[in-house]
Amino acid sequence: MTIRLPDSRGTLRTYEPRTEPLAVTTGSAFTSRTVFSAAHVVADPYADVSPDSPAAVDWDATLAFRRHLWSHGLGVAEAMDTAQRGMGLDWAGAAELIRRSAAEAEAVGGLIACGVGTDQLTGPASLAEVRAAYEEQLALVEACGAQAILMASRALAAAADGPEDYLDVYGHLLRQSAEPVILHWLGPMFDPALEGYWGSPDLDAATEVFLQVIAAHPDKVDGIKVSLLDARREVDLRRRLPDGVRCYTGDDFHYPELIAGDEQGFSHALLGIFDPLGPLAAEAVRVLDTGDVSGFHSLLDPTVDLSRHLFQTPTRFYKTGVVFLAWLAGHQSHFTMVGGLQSARSLPHFARAYELADGLGLFPDPKLAEERMKNLLALYGVTQ
C-alpha cells in the first residue's frame with residue numbers, strides 16, 4: 001500500500017507506510033533522569049465555539065492521554081505552552097485542567113508538575129498585580145498537591161523596567177513557595193512577547209540575572225527548564241547551577257545530547273516533543289538507565305528530524321503538529337484544537353510530519369494513521 005503526499009514544491013510523491021509500529025513496553029519510573037512530557041489538551045469537537053471563545057475541552061480524552069504518558073513512566077508537565085496556554089487555553093481552563101490532572105495523578109501515582117503564570121491578567125498590569133496573579137496560581141497548584149513550575153510571564157515582561165523588578169518578583173514568590181519549584185525560561189522563539197526576559201535582550205546579561213534569582217534562594221529551586229534552543233548556552237548554564245539544582249532541558253532541537261550529558265553532568269528533561277515521542281522516549285531513557293549511552297542515542301537521535309520539523313519557525317505553532325500526530329496515533333478521534341489552531345500549519349507540513357513519525361514507528365496502528373492521513377488529504381483535494 002502507498003500514499004501520495006504533497007511536498008513544499010506543490011508536487012505529489014509516493015510514500016510506502018510501514019506496517020508495524022516500533023516495539024515498546026510500558027514501565028516504571030526512571031532511575032537516572034527525571035523526565036516530564038509537556039502534554040497537549042484535546043478539544044471538544046462538538047462545542048459550538050469560535051477561536052475567541054473560552055476553550056472547550058474534552059476532559060475524558062485529555063486525561064486519558066495523561067494516563068498514557070504515566071503508563072510509560074513519564075511525568076506530566078501540565079498547563080504549559082504545549083497545552084496551548086495563552087494560545088487558546090485561558091486561565092479558567094488551565095485552572096480546571098490543573099485540578100483534574102492533579103487529582104488523576106494522585107489516583108494513579110503519576111508524577112506531575114503544573115505551570116504557574118499570570119495569564120488571568122488580560123491588559124496592562126502593575127508589578128503588584130503581576131505578583132498577585134502569580135500568587136493566586138501558585139496557591140492553586142500547591143493546594144492540588146502538584147509541584148509548581150514558575151513560567152515566564154508576558155505581563156511581567158511588559159511591566160518590568162529592568163533586572164531589579166525580576167529579582168523582586170521572583171524573590172517574593174520563592175520566599176513564599178511551600179516546596180521547591182521549577183523556574184522556566186522560555187525564549188522569544190516560543191513566545192515573541194517574552195523578548196528581553198530577565199531585563200535584557202542580551203542573553204549573557206539575562207543569564208546573570210537568572211542565576212542571581214537562583215543563588216538567592218537555592219533551597220526553593222528544584223530546577224530550571226531552559227527553552228532557548230541553544231545547547232551550548234544550556235550546558236554552560238547547567239555547569240553554573242548551585243549544587244542540588246537541576247537543569248531540565250526544554251531544547252527540542254538538541255535533547256539527546258543534553259540528556260545524555262558529558263563528564264561534567266547532564267540535563268533532566270521537560271519537553272513538548274515527548275508528547276508525540278512518549279513511548280519511544282521512555283524506552284530510550286530506560287536504556288540510558290542501564291548505562292548504555294550508545295543504545296540511548298540509537299533510539300532517540302533519529303527522532304530529532306521530526307522534532308525540528310514540528311518546531312520549525314514560527315516555533316510557537318509546534319502544538320499543531322503535536323495534536324495532529326496524537327490524532328493519527330489514535331489518542332483522539334478528531335483533529336480539532338482549542339482556538340482553531342489546527343489551521344496553523346500547511347498540508348505539506350502535515351505530510352512531512354506523518355512521513356517522519358511513521359518512519360519512526362510512532363503510530364500504534366499504522367493502518368489507522370494511513371487512513372486518517374488519506375482522509376485529511378482528501379479534505380484538501382488530494383486524491384489517491
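**Exercise 1.** Which right-handed β-α-β unit contains helix α7?

*Solution.* The model is predicted; local features need pLDDT of at least 70, side-chain atom pairs count only at pLDDT 80 or more, and totals for chains, interfaces and linings use all residues. Residues are numbered from 1 along each chain as its sequence is written, and side-chain values use heavy atoms, with hydrogens and water left out.

Step 1. Helices (H or I, at least four residues) and strands (E, at least two) are DSSP runs, numbered from the N terminus.
Step 2. The unit consists of β8, helix α7 (residues 231-238) and β9. A crossover is right-handed if, with the strands pointing away from the viewer, the path from the first strand over the helix to the second runs clockwise.
Step 3. Strand β8 (residues 221-227) runs parallel to β9, and four bridges join them; V226 stands opposite T249 in β9. Strands pair if DSSP finds at least two bridges between them.

**Exercise 2.** Follow the chain on from β9.

*Solution.* Step 1. With helix α8 (residues 255-260) and β10, strand β9 makes a right-handed β-α-β unit.
Step 1. Two bridges join β9 (residues 246-249) to β10 (residues 268-271), and these strands run parallel. Here Y248 stands opposite H268 in β10.
Step 2. Helix α9 (residues 274-289) packs on the sheet and touches β3 (35-38) and β10; the direction of α9 makes about 165 degrees with that of β3. Contact means heavy atoms within 4.5 Å. Axes are lines fitted to C-alpha atoms, for helices over the stretch in contact, and angles run from 0 to 180 degrees between N-to-C directions.

**Exercise 3.** In what order do the eight strands close into a barrel?

*Solution.* Step 1. The order is β3-β4-β5-β6-β7-β8-β9-β10, with parallel pairing.
Step 1. From one strand to the next, the twist averages 25 degrees.

**Exercise 4.** Describe the aromatic pair of Y166 and W198, and say why it links separate parts.

*Solution.* Step 1. Rings of Phe, Tyr and Trp (its six-membered ring) pair if their centres lie within 6.5 Å; planes under 30 degrees apart count as stacked, over 60 as edge-to-face and the rest as tilted.
Step 1. Y166 and W198 form a tilted pair, 5.7 Å centre to centre, with 50 degrees between the planes.
Step 2. Y166 lies in helix α5 (residues 163-176) and W198 in the loop between β7 (181-186) and α6 (203-216), so the pair ties together parts that are 32 residues apart in sequence.
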